[in-house]
2 protein chains.
Amino acid sequence: MNRASLFEQIQKKKSFLCVGLDTDIKKIPSHLLDTEDPVFEFNKAIIDATKEFAVAYKPNIAFYESLGAEGWKSLEKTLNYIPKEIFTIADAKRGDIGNTSGLYARAFFENMSFDSVTVAPYMGEDSVTPFLGYDNKWVILLGLTSNQGSFDFQHCDLGKNEALWQRVLKKGKEWGTEDNMMYVVGATRADMLKKVREIIPDHFLLVPGVGAQGGSLQKVAEAGMNDHCGLLVNSSRGIIYASNGEDFADKAAEAAQTLQKEMAEYLEKYL
Amino acid sequence: MNRASLFEQIQKKKSFLCVGLDTDIKKIPSHLLDTEDPVFEFNKAIIDATKEFAVAYKPNIAFYESLGAEGWKSLEKTLNYIPKEIFTIADAKRGDIGNTSGLYARAFFENMSFDSVTVAPYMGEDSVTPFLGYDNKWVILLGLTSNQGSFDFQHCDLGKNEALWQRVLKKGKEWGTEDNMMYVVGATRADMLKKVREIIPDHFLLVPGVGAQGGSLQKVAEAGMNDHCGLLVNSSRGIIYASNGEDFADKAAEAAQTLQKEMAEYLEKYL
(Lines give C-alpha, C1' and ligand atoms only; values in the text may rest on other atoms or scores of the structure.)
Protein backbone atom coordinates (compact mmCIF):
# COMPACT_ATOMS: atom_id res chain seq x y z
CA MET A 1 0.00 0.00 0.00
CA ASN A 2 1.33 3.47 -0.79
CA ARG A 3 1.19 6.60 1.35
CA ALA A 4 -1.64 8.21 -0.61
CA SER A 5 -3.90 5.17 -0.17
CA LEU A 6 -3.15 5.01 3.54
CA PHE A 7 -3.95 8.69 3.95
CA GLU A 8 -7.16 8.22 1.95
CA GLN A 9 -8.26 5.50 4.42
CA ILE A 10 -7.44 7.75 7.35
CA GLN A 11 -9.57 10.55 5.94
CA LYS A 12 -12.42 8.28 4.98
CA LYS A 13 -12.64 6.54 8.35
CA LYS A 14 -11.60 9.61 10.36
CA SER A 15 -9.26 7.32 12.20
CA PHE A 16 -5.56 6.56 12.57
CA LEU A 17 -6.20 3.52 14.73
CA CYS A 18 -4.10 0.40 14.46
CA VAL A 19 -5.49 -2.65 16.24
CA GLY A 20 -2.79 -4.89 17.66
CA LEU A 21 -3.64 -8.56 17.20
CA ASP A 22 -1.62 -9.79 20.20
CA THR A 23 -3.77 -12.86 20.37
CA ASP A 24 -2.76 -15.07 23.28
CA ILE A 25 -4.28 -18.54 23.23
CA LYS A 26 -4.28 -18.35 27.04
CA LYS A 27 -6.53 -15.28 27.03
CA ILE A 28 -9.09 -16.24 24.39
CA PRO A 29 -12.70 -16.52 25.65
CA SER A 30 -13.29 -20.12 26.61
CA HIS A 31 -16.25 -20.68 24.26
CA LEU A 32 -13.84 -20.36 21.29
CA LEU A 33 -11.44 -23.02 22.49
CA ASP A 34 -13.53 -25.83 21.00
CA THR A 35 -13.23 -24.47 17.47
CA GLU A 36 -10.65 -25.85 15.05
CA ASP A 37 -8.47 -22.74 15.10
CA PRO A 38 -9.34 -20.59 18.15
CA VAL A 39 -6.72 -17.94 17.41
CA PHE A 40 -8.09 -17.37 13.93
CA GLU A 41 -11.72 -17.47 15.11
CA PHE A 42 -10.91 -14.84 17.71
CA ASN A 43 -9.09 -12.63 15.19
CA LYS A 44 -11.88 -13.01 12.65
CA ALA A 45 -14.44 -11.79 15.16
CA ILE A 46 -12.17 -8.92 16.24
CA ILE A 47 -11.57 -7.88 12.64
CA ASP A 48 -15.30 -8.00 11.80
CA ALA A 49 -16.05 -5.91 14.86
CA THR A 50 -13.35 -3.27 14.44
CA LYS A 51 -12.65 -2.92 10.71
CA GLU A 52 -14.96 0.05 10.44
CA PHE A 53 -12.84 1.96 12.96
CA ALA A 54 -9.31 0.78 12.15
CA VAL A 55 -6.97 1.72 9.31
CA ALA A 56 -4.32 -0.87 10.25
CA TYR A 57 -3.95 -4.28 11.90
CA LYS A 58 -0.74 -5.33 13.58
CA PRO A 59 -0.36 -9.00 14.46
CA ASN A 60 2.43 -9.37 16.99
CA ILE A 61 4.34 -12.27 15.47
CA ALA A 62 5.59 -13.64 18.81
CA PHE A 63 2.08 -14.69 19.77
CA TYR A 64 1.75 -16.86 16.65
CA GLU A 65 5.32 -18.11 16.67
CA SER A 66 4.88 -19.33 20.24
CA LEU A 67 2.43 -21.90 18.84
CA GLY A 68 4.81 -23.24 16.17
CA ALA A 69 3.58 -24.30 12.73
CA GLU A 70 -0.07 -24.13 13.85
CA GLY A 71 0.40 -20.54 14.97
CA TRP A 72 1.96 -19.69 11.66
CA LYS A 73 -1.14 -21.05 9.90
CA SER A 74 -3.41 -18.96 12.10
CA LEU A 75 -1.33 -15.93 11.19
CA GLU A 76 -1.60 -16.62 7.46
CA LYS A 77 -5.36 -17.08 7.71
CA THR A 78 -5.68 -13.90 9.75
CA LEU A 79 -3.69 -11.88 7.23
CA ASN A 80 -5.81 -13.20 4.38
CA TYR A 81 -8.98 -12.27 6.24
CA ILE A 82 -8.02 -8.60 6.70
CA PRO A 83 -9.78 -6.43 4.09
CA LYS A 84 -7.34 -5.38 1.35
CA GLU A 85 -7.80 -1.65 1.90
CA ILE A 86 -6.53 -1.92 5.48
CA PHE A 87 -2.79 -1.54 6.14
CA THR A 88 -1.08 -4.58 7.66
CA ILE A 89 1.95 -4.63 9.93
CA ALA A 90 3.97 -7.72 10.81
CA ASP A 91 5.24 -6.69 14.23
CA ALA A 92 8.27 -8.94 14.10
CA LYS A 93 11.21 -6.71 15.04
CA ARG A 94 13.52 -8.65 12.76
CA GLY A 95 17.00 -7.66 11.60
CA ASP A 96 20.08 -9.66 10.63
CA ILE A 97 22.93 -9.57 8.10
CA GLY A 98 21.88 -8.74 4.54
CA ASN A 99 21.12 -12.15 3.08
CA THR A 100 19.24 -13.19 6.23
CA SER A 101 17.18 -10.00 6.36
CA GLY A 102 16.40 -10.73 2.72
CA LEU A 103 14.84 -14.01 3.81
CA TYR A 104 12.79 -12.33 6.53
CA ALA A 105 11.58 -9.95 3.83
CA ARG A 106 10.65 -12.98 1.72
CA ALA A 107 8.74 -14.42 4.70
CA PHE A 108 6.61 -11.34 5.32
CA PHE A 109 6.38 -9.73 1.87
CA GLU A 110 6.33 -12.73 -0.51
CA ASN A 111 5.29 -15.88 1.33
CA MET A 112 2.80 -13.73 3.18
CA SER A 113 1.72 -10.38 1.86
CA PHE A 114 2.09 -7.91 4.71
CA ASP A 115 2.35 -4.22 3.81
CA SER A 116 5.08 -3.62 6.38
CA VAL A 117 7.34 -5.19 8.96
CA THR A 118 8.91 -3.76 12.10
CA VAL A 119 12.72 -3.92 12.01
CA ALA A 120 15.35 -3.56 14.76
CA PRO A 121 18.25 -1.23 13.88
CA TYR A 122 21.19 -2.61 15.91
CA MET A 123 22.92 -4.30 12.95
CA GLY A 124 22.73 -1.22 10.73
CA GLU A 125 22.12 -0.44 7.10
CA ASP A 126 22.57 -3.81 5.40
CA SER A 127 20.19 -5.40 7.93
CA VAL A 128 17.44 -2.92 7.00
CA THR A 129 17.76 -2.26 3.27
CA PRO A 130 16.71 -5.77 2.08
CA PHE A 131 13.21 -4.93 3.34
CA LEU A 132 13.17 -1.76 1.21
CA GLY A 133 13.43 -3.49 -2.16
CA TYR A 134 9.69 -4.03 -2.59
CA ASP A 135 7.22 -1.67 -4.23
CA ASN A 136 4.61 -0.29 -1.85
CA LYS A 137 6.02 -2.21 1.11
CA TRP A 138 7.36 -0.56 4.23
CA VAL A 139 10.00 -0.87 6.91
CA ILE A 140 8.88 0.33 10.31
CA LEU A 141 12.18 0.95 12.07
CA LEU A 142 12.45 0.86 15.86
CA GLY A 143 13.33 4.39 16.89
CA LEU A 144 12.32 5.11 20.45
CA THR A 145 10.39 2.47 22.32
CA SER A 146 8.18 2.98 25.34
CA ASN A 147 9.49 0.26 27.65
CA GLN A 148 11.76 0.76 30.64
CA GLY A 149 14.62 -0.94 28.78
CA SER A 150 14.67 1.89 26.23
CA PHE A 151 16.85 3.78 28.73
CA ASP A 152 19.61 1.18 28.54
CA PHE A 153 20.80 2.03 25.04
CA GLN A 154 18.36 4.19 23.07
CA HIS A 155 18.99 7.21 25.27
CA CYS A 156 22.79 6.82 25.25
CA ASP A 157 24.42 10.19 24.70
CA LEU A 158 26.50 10.32 21.52
CA GLY A 159 27.64 13.89 22.15
CA LYS A 160 26.48 17.14 20.54
CA ASN A 161 23.00 16.74 22.02
CA GLU A 162 22.35 13.57 20.11
CA ALA A 163 21.01 10.34 21.62
CA LEU A 164 21.28 6.96 19.92
CA TRP A 165 17.58 6.97 19.00
CA GLN A 166 18.08 10.28 17.19
CA ARG A 167 21.01 8.83 15.24
CA VAL A 168 18.78 5.89 14.29
CA LEU A 169 16.10 8.25 12.96
CA LYS A 170 18.68 10.18 10.92
CA LYS A 171 20.35 7.09 9.48
CA GLY A 172 16.99 5.53 8.63
CA LYS A 173 16.09 8.68 6.74
CA GLU A 174 19.17 8.14 4.55
CA TRP A 175 18.17 4.53 3.81
CA GLY A 176 14.48 4.98 3.07
CA THR A 177 12.01 7.72 2.29
CA GLU A 178 8.68 8.83 3.70
CA ASP A 179 7.17 6.48 1.10
CA ASN A 180 8.77 3.26 2.33
CA MET A 181 9.87 3.87 5.89
CA MET A 182 8.01 4.55 9.12
CA TYR A 183 9.31 4.61 12.68
CA VAL A 184 8.21 3.11 15.98
CA VAL A 185 8.01 5.94 18.51
CA GLY A 186 6.66 5.17 21.97
CA ALA A 187 3.74 7.29 23.09
CA THR A 188 4.88 7.53 26.67
CA ARG A 189 7.55 9.83 25.25
CA ALA A 190 4.95 12.20 23.79
CA ASP A 191 7.04 15.09 25.10
CA MET A 192 9.79 13.89 22.76
CA LEU A 193 7.60 13.82 19.68
CA LYS A 194 8.63 17.38 18.98
CA LYS A 195 12.25 16.28 18.77
CA VAL A 196 11.21 13.38 16.57
CA ARG A 197 9.40 15.69 14.17
CA GLU A 198 12.46 17.94 13.92
CA ILE A 199 14.31 15.02 12.33
CA ILE A 200 11.51 13.32 10.40
CA PRO A 201 8.70 15.79 9.77
CA ASP A 202 7.12 13.80 6.93
CA HIS A 203 7.40 10.14 7.94
CA PHE A 204 4.63 8.08 9.43
CA LEU A 205 5.10 7.06 13.06
CA LEU A 206 3.76 3.86 14.56
CA VAL A 207 2.92 4.76 18.12
CA PRO A 208 2.39 1.90 20.53
CA GLY A 209 1.62 2.41 24.14
CA VAL A 210 -1.70 4.20 24.10
CA GLY A 211 -3.88 2.33 26.53
CA ALA A 212 -2.19 -0.52 28.39
CA GLN A 213 1.20 1.18 28.16
CA GLY A 214 -0.29 4.51 29.21
CA GLY A 215 0.32 7.29 26.67
CA SER A 216 -1.95 10.22 25.97
CA LEU A 217 -3.61 10.22 22.58
CA GLN A 218 -4.27 13.93 22.63
CA LYS A 219 -0.62 14.82 23.23
CA VAL A 220 0.51 12.43 20.53
CA ALA A 221 -1.88 13.92 18.00
CA GLU A 222 -0.98 17.48 18.88
CA ALA A 223 2.78 17.01 18.71
CA GLY A 224 3.01 14.27 16.10
CA MET A 225 0.50 14.92 13.35
CA ASN A 226 1.68 16.11 9.92
CA ASP A 227 -0.08 16.95 6.67
CA HIS A 228 -0.64 13.25 5.85
CA CYS A 229 -1.67 12.59 9.45
CA GLY A 230 1.64 10.72 9.82
CA LEU A 231 0.42 8.70 12.77
CA LEU A 232 -0.74 5.16 13.31
CA VAL A 233 -1.64 4.78 16.95
CA ASN A 234 -1.81 1.22 18.16
CA SER A 235 -4.01 -0.28 20.82
CA SER A 236 -3.91 -4.00 21.50
CA ARG A 237 -5.07 -5.27 24.86
CA GLY A 238 -7.43 -2.32 25.47
CA ILE A 239 -9.44 -3.44 22.45
CA ILE A 240 -9.05 -7.17 21.95
CA TYR A 241 -9.40 -8.01 25.65
CA ALA A 242 -12.04 -5.39 26.47
CA SER A 243 -14.11 -8.38 27.62
CA ASN A 244 -13.22 -12.04 28.02
CA GLY A 245 -16.82 -13.20 27.75
CA GLU A 246 -19.03 -14.07 24.81
CA ASP A 247 -19.48 -10.34 24.21
CA PHE A 248 -15.73 -9.84 23.52
CA ALA A 249 -16.28 -8.70 19.93
CA ASP A 250 -18.99 -6.19 20.85
CA LYS A 251 -16.82 -4.77 23.60
CA ALA A 252 -13.85 -4.61 21.22
CA ALA A 253 -15.98 -2.66 18.75
CA GLU A 254 -16.99 -0.23 21.51
CA ALA A 255 -13.39 0.28 22.60
CA ALA A 256 -12.24 0.79 19.02
CA GLN A 257 -15.06 3.21 18.32
CA THR A 258 -14.27 5.24 21.42
CA LEU A 259 -10.70 5.70 20.21
CA GLN A 260 -11.85 6.42 16.66
CA LYS A 261 -14.19 9.17 17.83
CA GLU A 262 -11.41 10.80 19.78
CA MET A 263 -9.13 10.51 16.73
CA ALA A 264 -11.78 12.12 14.51
CA GLU A 265 -11.68 15.16 16.79
CA TYR A 266 -7.91 15.44 16.59
CA LEU A 267 -7.91 15.02 12.82
CA GLU A 268 -10.39 17.88 12.66
CA LYS A 269 -8.25 19.98 14.99
CA TYR A 270 -4.63 19.28 14.01
CA LEU A 271 -4.57 18.07 10.39
CA MET B 1 22.48 -27.62 28.58
CA ASN B 2 24.81 -26.20 31.23
CA ARG B 3 28.31 -24.81 30.80
CA ALA B 4 30.05 -27.87 32.18
CA SER B 5 28.31 -30.20 29.72
CA LEU B 6 29.14 -27.93 26.82
CA PHE B 7 32.79 -27.81 27.87
CA GLU B 8 32.81 -31.58 28.24
CA GLN B 9 31.63 -31.93 24.62
CA ILE B 10 34.31 -29.53 23.46
CA GLN B 11 37.03 -31.53 25.19
CA LYS B 12 35.68 -34.86 24.02
CA LYS B 13 35.36 -33.85 20.37
CA LYS B 14 38.39 -31.50 20.42
CA SER B 15 36.17 -29.04 18.65
CA PHE B 16 34.36 -25.77 19.20
CA LEU B 17 32.62 -25.89 15.86
CA CYS B 18 29.07 -24.72 15.39
CA VAL B 19 27.46 -25.69 12.09
CA GLY B 20 25.05 -23.08 10.80
CA LEU B 21 21.97 -24.66 9.25
CA ASP B 22 21.20 -21.78 6.88
CA THR B 23 19.29 -24.12 4.66
CA ASP B 24 17.96 -22.33 1.60
CA ILE B 25 15.43 -24.30 -0.41
CA LYS B 26 16.87 -22.57 -3.51
CA LYS B 27 20.34 -24.02 -2.86
CA ILE B 28 19.48 -27.60 -1.95
CA PRO B 29 20.91 -30.26 -4.32
CA SER B 30 18.27 -30.99 -6.93
CA HIS B 31 18.01 -34.73 -6.18
CA LEU B 32 16.48 -33.89 -2.79
CA LEU B 33 13.72 -31.70 -4.16
CA ASP B 34 11.48 -34.70 -4.87
CA THR B 35 11.39 -35.76 -1.21
CA GLU B 36 8.48 -34.83 1.01
CA ASP B 37 10.49 -32.33 3.08
CA PRO B 38 13.67 -31.36 1.19
CA VAL B 39 14.86 -28.92 3.87
CA PHE B 40 14.66 -31.58 6.57
CA GLU B 41 16.23 -34.27 4.34
CA PHE B 42 19.12 -31.92 3.62
CA ASN B 43 19.60 -31.06 7.30
CA LYS B 44 19.37 -34.71 8.32
CA ALA B 45 22.17 -35.63 5.93
CA ILE B 46 24.27 -32.66 7.06
CA ILE B 47 23.77 -33.56 10.73
CA ASP B 48 24.66 -37.21 10.14
CA ALA B 49 27.79 -36.15 8.27
CA THR B 50 29.03 -33.51 10.71
CA LYS B 51 27.84 -34.48 14.20
CA GLU B 52 31.17 -36.11 14.97
CA PHE B 53 32.96 -32.78 14.43
CA ALA B 54 30.42 -30.26 15.74
CA VAL B 55 29.49 -29.28 19.30
CA ALA B 56 26.62 -27.02 18.24
CA TYR B 57 24.07 -26.54 15.48
CA LYS B 58 22.59 -23.17 14.66
CA PRO B 59 19.53 -23.09 12.43
CA ASN B 60 19.08 -19.58 11.08
CA ILE B 61 15.37 -19.07 11.68
CA ALA B 62 14.87 -16.73 8.71
CA PHE B 63 15.47 -19.58 6.28
CA TYR B 64 12.64 -21.62 7.80
CA GLU B 65 10.31 -18.71 8.41
CA SER B 66 10.59 -17.71 4.75
CA LEU B 67 8.70 -20.95 3.95
CA GLY B 68 5.83 -20.27 6.35
CA ALA B 69 4.17 -23.07 8.34
CA GLU B 70 5.94 -25.74 6.27
CA GLY B 71 9.32 -24.23 7.10
CA TRP B 72 8.42 -24.17 10.75
CA LYS B 73 7.70 -27.90 10.58
CA SER B 74 11.06 -28.56 8.91
CA LEU B 75 12.69 -26.60 11.73
CA GLU B 76 10.92 -28.61 14.43
CA LYS B 77 11.90 -31.89 12.77
CA THR B 78 15.49 -30.71 12.39
CA LEU B 79 15.73 -29.74 16.05
CA ASN B 80 14.35 -33.09 17.14
CA TYR B 81 16.88 -34.88 14.96
CA ILE B 82 19.93 -33.19 16.51
CA PRO B 83 21.57 -35.53 19.08
CA LYS B 84 20.73 -34.41 22.63
CA GLU B 85 24.35 -33.92 23.68
CA ILE B 86 24.87 -31.26 21.02
CA PHE B 87 24.15 -27.62 21.87
CA THR B 88 21.40 -25.97 19.82
CA ILE B 89 21.06 -22.31 18.90
CA ALA B 90 17.95 -20.68 17.47
CA ASP B 91 19.55 -17.87 15.50
CA ALA B 92 16.50 -15.66 15.61
CA LYS B 93 17.76 -12.26 16.80
CA ARG B 94 14.49 -11.61 18.60
CA GLY B 95 13.78 -8.88 21.15
CA ASP B 96 10.64 -6.97 22.10
CA ILE B 97 8.90 -5.57 25.19
CA GLY B 98 8.80 -7.93 28.16
CA ASN B 99 5.57 -9.85 27.61
CA THR B 100 6.36 -10.28 23.91
CA SER B 101 9.92 -11.46 24.54
CA GLY B 102 8.34 -13.90 26.97
CA LEU B 103 6.36 -15.35 24.09
CA TYR B 104 9.43 -15.65 21.91
CA ALA B 105 11.05 -17.51 24.79
CA ARG B 106 8.00 -19.77 24.90
CA ALA B 107 8.40 -20.39 21.14
CA PHE B 108 12.04 -21.44 21.29
CA PHE B 109 12.37 -22.90 24.80
CA GLU B 110 8.96 -24.51 25.41
CA ASN B 111 7.17 -25.16 22.15
CA MET B 112 10.53 -26.17 20.74
CA SER B 113 13.40 -27.11 22.97
CA PHE B 114 16.40 -25.08 21.84
CA ASP B 115 19.24 -24.60 24.31
CA SER B 116 19.69 -20.97 23.35
CA VAL B 117 18.39 -18.12 21.26
CA THR B 118 20.15 -15.07 19.81
CA VAL B 119 18.66 -11.80 21.07
CA ALA B 120 19.00 -8.20 19.81
CA PRO B 121 19.75 -5.64 22.54
CA TYR B 122 18.21 -2.40 21.23
CA MET B 123 15.14 -2.51 23.50
CA GLY B 124 17.18 -3.12 26.66
CA GLU B 125 16.84 -5.13 29.84
CA ASP B 126 13.16 -6.07 29.88
CA SER B 127 13.44 -7.31 26.28
CA VAL B 128 16.24 -9.70 27.25
CA THR B 129 15.47 -10.98 30.75
CA PRO B 130 12.36 -13.04 29.82
CA PHE B 131 14.72 -15.40 27.99
CA LEU B 132 16.80 -15.83 31.16
CA GLY B 133 14.07 -17.39 33.28
CA TYR B 134 14.73 -20.97 32.15
CA ASP B 135 17.12 -23.47 33.74
CA ASN B 136 20.03 -24.43 31.52
CA LYS B 137 18.82 -22.23 28.67
CA TRP B 138 20.87 -19.38 27.26
CA VAL B 139 20.58 -15.93 25.78
CA ILE B 140 23.17 -15.19 23.11
CA LEU B 141 23.15 -11.39 23.01
CA LEU B 142 24.24 -9.48 19.91
CA GLY B 143 27.38 -7.64 20.91
CA LEU B 144 29.55 -6.80 17.95
CA THR B 145 28.51 -8.13 14.56
CA SER B 146 30.73 -8.64 11.53
CA ASN B 147 28.66 -6.93 8.86
CA GLN B 148 29.31 -3.51 7.34
CA GLY B 149 26.21 -2.13 9.09
CA SER B 150 27.83 -2.72 12.49
CA PHE B 151 29.58 0.63 11.97
CA ASP B 152 26.27 2.51 11.88
CA PHE B 153 25.45 2.16 15.57
CA GLN B 154 27.52 -0.49 17.36
CA HIS B 155 30.70 1.58 17.10
CA CYS B 156 29.03 4.82 18.21
CA ASP B 157 31.26 6.60 20.70
CA LEU B 158 29.59 7.04 24.11
CA GLY B 159 32.57 8.93 25.54
CA LYS B 160 35.27 7.78 27.94
CA ASN B 161 36.61 5.31 25.38
CA GLU B 162 33.39 3.34 25.33
CA ALA B 163 31.53 2.27 22.21
CA LEU B 164 27.90 1.15 22.19
CA TRP B 165 28.90 -2.50 21.73
CA GLN B 166 31.01 -2.30 24.88
CA ARG B 167 28.08 -0.84 26.82
CA VAL B 168 25.95 -3.73 25.55
CA LEU B 169 28.49 -6.26 26.83
CA LYS B 170 28.62 -4.57 30.24
CA LYS B 171 24.86 -4.30 30.60
CA GLY B 172 24.37 -7.89 29.50
CA LYS B 173 26.81 -8.97 32.18
CA GLU B 174 24.53 -7.33 34.78
CA TRP B 175 21.47 -9.17 33.45
CA GLY B 176 22.89 -12.66 33.07
CA THR B 177 25.89 -14.70 34.11
CA GLU B 178 28.48 -16.80 32.32
CA ASP B 179 26.07 -19.70 32.93
CA ASN B 180 23.11 -18.31 31.01
CA MET B 181 24.46 -15.65 28.68
CA MET B 182 26.77 -15.72 25.68
CA TYR B 183 27.54 -12.98 23.18
CA VAL B 184 27.71 -12.76 19.41
CA VAL B 185 31.10 -11.31 18.48
CA GLY B 186 32.04 -11.10 14.81
CA ALA B 187 35.29 -12.78 13.86
CA THR B 188 36.29 -10.13 11.37
CA ARG B 189 36.90 -8.01 14.46
CA ALA B 190 39.38 -10.55 15.88
CA ASP B 191 41.67 -7.64 16.76
CA MET B 192 38.90 -6.45 19.07
CA LEU B 193 38.55 -9.76 20.91
CA LYS B 194 41.10 -8.54 23.43
CA LYS B 195 38.81 -5.64 24.29
CA VAL B 196 35.89 -8.05 24.48
CA ARG B 197 37.75 -10.30 26.91
CA GLU B 198 38.58 -7.32 29.15
CA ILE B 199 34.83 -6.93 29.77
CA ILE B 200 33.66 -10.54 29.68
CA PRO B 201 36.60 -12.87 30.38
CA ASP B 202 34.45 -15.85 31.34
CA HIS B 203 31.49 -15.80 28.97
CA PHE B 204 31.13 -17.93 25.88
CA LEU B 205 31.27 -16.10 22.56
CA LEU B 206 29.43 -17.17 19.45
CA VAL B 207 31.70 -16.17 16.60
CA PRO B 208 30.15 -16.07 13.15
CA GLY B 209 32.08 -15.05 10.11
CA VAL B 210 34.76 -17.68 9.85
CA GLY B 211 34.71 -18.81 6.24
CA ALA B 212 32.22 -16.98 3.99
CA GLN B 213 32.45 -13.80 6.07
CA GLY B 214 36.25 -14.07 6.21
CA GLY B 215 37.63 -14.20 9.77
CA SER B 216 40.75 -15.97 10.90
CA LEU B 217 40.22 -18.95 13.16
CA GLN B 218 43.72 -18.84 14.56
CA LYS B 219 43.43 -15.21 15.65
CA VAL B 220 40.04 -15.84 17.20
CA ALA B 221 41.34 -18.81 19.19
CA GLU B 222 44.45 -17.01 20.35
CA ALA B 223 42.68 -13.86 21.52
CA GLY B 224 39.34 -15.31 22.56
CA MET B 225 39.85 -18.62 24.30
CA ASN B 226 39.34 -18.89 28.06
CA ASP B 227 39.61 -21.74 30.58
CA HIS B 228 36.28 -23.25 29.41
CA CYS B 229 37.26 -22.67 25.79
CA GLY B 230 34.62 -19.92 25.75
CA LEU B 231 34.23 -20.04 22.00
CA LEU B 232 31.70 -21.45 19.58
CA VAL B 233 32.89 -20.68 16.08
CA ASN B 234 30.24 -20.92 13.42
CA SER B 235 30.58 -21.94 9.83
CA SER B 236 27.49 -22.18 7.62
CA ARG B 237 27.90 -21.94 3.88
CA GLY B 238 31.50 -23.24 3.90
CA ILE B 239 30.21 -26.53 5.26
CA ILE B 240 26.64 -27.06 4.13
CA TYR B 241 27.24 -25.87 0.57
CA ALA B 242 30.73 -27.37 0.17
CA SER B 243 29.20 -29.20 -2.80
CA ASN B 244 25.83 -28.89 -4.46
CA GLY B 245 25.95 -32.37 -5.97
CA GLU B 246 24.96 -35.77 -4.63
CA ASP B 247 28.19 -35.78 -2.60
CA PHE B 248 27.11 -32.71 -0.57
CA ALA B 249 27.10 -34.59 2.73
CA ASP B 250 30.56 -36.12 2.19
CA LYS B 251 31.96 -32.74 1.25
CA ALA B 252 30.28 -31.17 4.29
CA ALA B 253 31.92 -33.80 6.50
CA GLU B 254 35.32 -33.03 4.97
CA ALA B 255 34.88 -29.28 5.47
CA ALA B 256 33.75 -29.78 9.07
CA GLN B 257 36.60 -32.15 9.80
CA THR B 258 39.15 -29.71 8.39
CA LEU B 259 37.92 -27.03 10.78
CA GLN B 260 37.74 -29.49 13.67
CA LYS B 261 41.36 -30.54 13.15
CA GLU B 262 42.49 -26.94 13.18
CA MET B 263 40.43 -26.36 16.34
CA ALA B 264 42.03 -29.39 18.03
CA GLU B 265 45.42 -27.74 17.51
CA TYR B 266 44.29 -24.48 19.04
CA LEU B 267 42.65 -26.23 22.00
CA GLU B 268 45.99 -27.95 22.60
CA LYS B 269 47.87 -24.68 22.30
CA TYR B 270 45.66 -22.06 23.97
CA LEU B 271 43.38 -23.83 26.47
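Modeller: Start with a definition: helices (H or I, at least four residues) and strands (E, at least two) are DSSP runs, numbered from the N terminus. This is a predicted model, where local features need pLDDT of at least 70, side-chain atom pairs count only at pLDDT 80 or more, and totals for chains, interfaces and linings use all residues. Residues are numbered from 1 along each chain as its sequence is written, chains are lettered from A and ligands numbered from 1 in the order in which they are written, and side-chain values use heavy atoms, with hydrogens and water left out.

Colleague: Where do Glu70(A) and Lys73(A) lie?

Modeller: Both are in helix H4 (residues 68–81) of chain A. They sit three residues apart, about one turn of the helix.

Colleague: What makes Glu70(A) and Lys73(A) a salt bridge?

Modeller: A salt bridge needs a side-chain nitrogen of Lys or Arg within 4 Å of a carboxyl oxygen of Asp or Glu. Here the N to O value is 3.8 Å, so the pair counts. Over all chains, the structure holds 28 salt bridges.

Colleague: Why is Glu70(A) called partly exposed?

Modeller: Buried means under 20% relative accessible area, exposed over 50%, and partly exposed in between (1.4 Å probe, protein chains only). Glu70(A) has 49%, so it is partly exposed. Lys73(A), at 31%, is partly exposed too.

Colleague: Which label does Glu162(B) get, buried or exposed?

Modeller: Glu162(B) has a relative accessible area of 11%, so it is buried. Its salt-bridge partner is Lys170(B), with the closest N and O atoms 3.0 Å apart. Lys170(B) has 36%, so it is partly exposed.

Colleague: What does Lys93(A) form with Asp96(B)?

Modeller: A salt bridge, with the closest N and O atoms 2.9 Å apart. This pair crosses between chains. Lys93(A) is in strand E3 (residues 87–94) of chain A. Asp96(B) is in the loop between strand E3 (87–94) and helix H5 (98–111) of chain B. Both residues are buried. They also belong to a network of salt bridges with Lys58(A) and Asp91(A).

Colleague: How do you know that strands E1 and E2 of chain A pair?

Modeller: Two strands pair if DSSP finds at least two bridges between them. Strand E1 (residues 17–21) and strand E2 (residues 56–59) have four, in the parallel sense, so they pair. Cys18(A), for one, has Ala56(A) in E2(A) as its bridge partner.

Colleague: What do the strands of chain A build?

Modeller: A closed barrel of eight strands, E1-E2-E3-E4-E5-E6-E7-E8, with parallel pairing.
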